[in-house]
Amino acid sequence: MRLMKNVTSKLAVVGAGVAIVVAAGGTPAQAAPTACPVGAACLYTTAGNPADGNVGLRTHVWWQGVYNLSDVYGARHLHNNQTDGWVVDLCYGYNGTNCGPAINPGWIQNDFTPINSVRLRPA
């Protein structure tokens, strides 16, 4: 009986320690920042109006190269916030193949359902 009581007491102390760590770490559902860093291209969750700041949460930040997409569907906003003449290509194939026209810096709205990769490159 005494052994069981000691084990239970120790588990309670460990449980309290875990609760403190979780509380100190913040909630897991914190909102992602919405601003796209200068020099990057960013994808957002919805296709609202960028002028109103209504583009949802930022889901992807890309700096350079090719990025294959997974589970990205529907109308989304893309912000090309790159500098020095860099462009974004939306590609129907993986690994940056079968791409559409280059997207210059600024905001665009696009259906990402058929898009399988994104390529960032100098113009």
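Trainee: Why does W62 count as buried?

Mentor: W62 has 3% relative accessibility. Buried means under 20%. The value 3% falls under that cut-off, so W62 is buried. Keep in mind that this is a predicted model.

Trainee: What makes Y67 partly exposed?

Mentor: Y67 has a relative accessible area of 24%. Partly exposed runs between the buried limit of 20% and the exposed limit of 50%. The value 24% sits in between, so Y67 is partly exposed.

Trainee: Now the rings. How many aromatic pairs does a search of the whole structure find?

Mentor: The search turns up two aromatic pairs. One of them is Y44 with W107, whose ring centres are 5.3 Å apart.

Trainee: Why is the pair of Y44 and W107 called tilted?

Mentor: Take the distance, then the angle. Ring centres must lie within 6.5 Å to pair, and here they are 5.3 Å apart. Planes under 30 degrees apart would be stacked, and over 60 edge-to-face. These planes stand at 40 degrees, so the pair is tilted.

Trainee: Which parts of the chain does the pair tie together?

Mentor: Y44 belongs to strand β1 (residues 40-44) and W107 to strand β6. The two parts are 63 residues apart in sequence.

Trainee: Are Y44 and W107 buried or partly exposed?

Mentor: Y44 has 0% relative accessibility, so it is buried. W107 has a relative accessible area of 35%, so it is partly exposed.

Trainee: What makes the rings of W62 and Y67 a tilted pair?

Mentor: Their centres are 6.0 Å apart, and the limit is 6.5 Å. Their planes meet at 35 degrees, so this pair is tilted.

Trainee: Why is the contact of R119 with D89 called a salt bridge?

Mentor: Their closest N and O atoms are 2.8 Å apart. The rule asks for an Arg or Lys side-chain nitrogen within 4 Å of a carboxyl oxygen of Asp or Glu. The pair meets it, so it is a salt bridge.

Trainee: How many salt bridges does the structure hold?

Mentor: There are two. R121 also forms one with D89, at 2.5 Å between the closest N and O atoms. R121 lies in strand β7 and D89 in strand β5, so parts 32 residues apart in sequence are tied together.

Trainee: How accessible are D89, R119 and R121?

Mentor: D89 has a relative accessible area of 1%, so it is buried. R119 is at 26%, which is partly exposed. R121 is at 29%, partly exposed as well.

Trainee: Last stop. Where is T113, and which residues does it touch?

Mentor: T113 is in the loop between β6 and β7. Leaving out residues up to four places away in sequence, T113 touches V72, Y73 and G74. T113 and V72 are 41 residues apart along the chain, yet their C-alpha atoms are separated by 6.6 Å.

Trainee: What makes the T113 and D111 side chains a polar contact?

Mentor: They come to 2.8 Å, and the limit is 3.5 Å. The T113 side chain also reaches the backbone nitrogen of G74, at 2.9 Å.

Trainee: And why is T113 called partly exposed?

Mentor: T113 has 42% relative accessibility. Exposed would need over 50%, and buried under 20%. The value 42% lies in between, so T113 is partly exposed.

Technical notes:
Residues numbered from 1 in each chain as written. Predicted model: local features only at pLDDT ≥ 70, side-chain atom pairs only at ≥ 80, totals over all residues. Heavy atoms only, no water. Buried < 20%, exposed > 50% of the residue type's maximum accessible area, 1.4 Å probe, protein only. Helix = DSSP H or I, 4+ residues; strand = E, 2+ residues; numbered from the N terminus. Contact = heavy atoms within 4.5 Å. Polar contact = N/O pair within 3.5 Å; in protein donor to acceptor, adjacent residues only side chain to side chain.
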